[in-house]
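Hello,

Here is the structure I said I would pass on. My notes on it follow below.

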Amino acid sequence: MGIGDIADDISGNGKTIVITSLVMLIVFVAVSTLIFFISLKSAEQVMVPNVVGKDLPEALLDLQARELYPRIQLRYSQKADEKGLILEQDPSPGAIVKGGKRIELVVSQGTVIDTVQNYIGENIEDVQNRIRELFTSGSRQYIQIKQPYLTKYSAEPAGTILEQEPAAGTPIANNMELTFVVSKGTQAETTQVPDMAGADLKKIYQVMQRAAVTFAFTAGSTTGMDIAVQQQSAAAQSEVPVFSPVTLTVSLPKSANGMVSGILKTTLAEFPYPFTVSLYAAYPNGDKDLLTSFRHPGGACSVPYTVPEGTKLSLEVLNKEVYTETVGANTAE
């Protein structure tokens, strides 16, 4: 075989190699493209479900059904019954994503407070409000204070917690009941009767907020344009036991220009020591005001008022409404 024949063979083989390489490249590209489109088709778009408020196992099942996968973060929350619930998610519900995407979930690991605190020396009203904020969900309270409180006289100010059960450090459990022994103050404690002669409604409200006596209001003559104290049952500056009843007779002007004056009267539950009672007025226009607040031992309770006709008056104790009355011209004394 000559040199020319060898050259021709090499040239022919080269063409075969080139053609074969091109065919393989085309096949590779075609297969790669097919695989690419198959992968795109497999990663279908799905809608992110709303799992906020659900417990973790239920949320995981919802995500799994859509081929979505969680990335979990733990966080303390404010309420005991939120433990194990989803607090937040990202992306938000309704977002359209491809299957296989990671969904960020923030899961509650319960409250930071997991043991009973030391409440001795604190005021019972402050403690009750704090426990209600921390351990109440909807209409259910997971930790409650046993009512009525146990009380006894002591040198501590009235309302001070002297003893508690369970003791501080006890692990918190749902539906736990706390028992407190609360100070009634010193048995012989006295106070001076304030001078209320001629006091108008504004002064009455101001004195009620700081006085250590219990005012009982009765209607006197219907004179003048404003409510005013006409007489009081105990002499001004005289010494009486704390929260003794002092009767104030007040004048009640006649209803005029849509304004109504009267005396709200009701009977409250007997308290272990004087609680703070708040008088609110919800006006016909939708506004709501705090008219006054005062300490009261429970039992007969009365407060004078001058408000627009149709106003809803309400008494609240420990942020709970205990009495309501809608004022009309016929409700005034």
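**The largest cavity and the sheet beside T214**

Strands β13, β19 (288-296) and β20 (299-308) each supply at least two residues of the lining of the largest cavity. Strands here are DSSP E runs of at least two residues and helices are H or I runs of at least four, numbered from the N terminus.

This is a predicted model, in which local features need pLDDT of at least 70 and side-chain atom pairs count only at pLDDT 80 or more, while totals for chains, interfaces and linings use all residues. Residues are numbered from 1 along each chain as its sequence is written, and side-chain values use heavy atoms, with hydrogens and water left out.

The search of the whole structure gave 2 cavities of 30 Å³ or more. A cavity is a set of points on a 1 Å grid over the protein atoms alone where a 1.4 Å probe fits but cannot get out; a pocket is an open set with protein on both sides within 12 Å along at least five of seven lines; lining residues have an atom within 4 Å of a point. Grid points are joined across faces, edges and corners, and a volume is the space filled by probe spheres set on the points. The largest cavity has a volume of about 80 Å³. Its lining includes M208, V213, T214, F215 and C301, and β19 gives the most, with 3 residues.

T214 belongs to strand β13 (residues 214-219). Is T214 buried or exposed? T214 is buried, at a relative accessible area of 8% (buried is under 20%, exposed over 50%, partly exposed in between, with a 1.4 Å probe and protein chains only). Leaving out residues up to four places away in sequence, T214 touches F243, S244, P245, V246, H296 and P297, where contact means heavy atoms within 4.5 Å. A polar atom of the T214 side chain lies 3.3 Å from the backbone oxygen of F243.

β13 is part of an open sheet of 3 strands, in the order β13-β16-β14 with mixed pairing. β13 and β14 (228-232) stand at the edges with a single partner strand each, so one side of each has no neighbour in the sheet. Neighbouring strands are turned by 40° against each other on average, direction ignored. Axes are lines fitted to C-alpha atoms, for helices over the stretch in contact, and angles run from 0 to 180 degrees between N-to-C directions. Helix α4 (residues 201-210) packs on this sheet and touches β13, β14 and β16, its direction making about 155° with that of β13.

Two strands pair if DSSP finds at least two bridges between them. β13 pairs with β16 (residues 245-251) in the parallel sense over 6 bridges; T214 has P245 as its bridge partner in β16, and F217 has L248. β14 and β16 pair in the antiparallel sense over 4 bridges, with V250 as the bridge partner of V229. In β16, 5 of the 7 residues are buried, so this strand is largely enclosed by the rest of the structure.

The largest pocket has a volume of about 500 Å³. Among its 22 lining residues, Q128, Q147, Y149, L318 and K320 are the closest to its centre.

Regards

Conventions. Polar contact = N/O pair within 3.5 Å; in protein donor to acceptor, adjacent residues only side chain to side chain.
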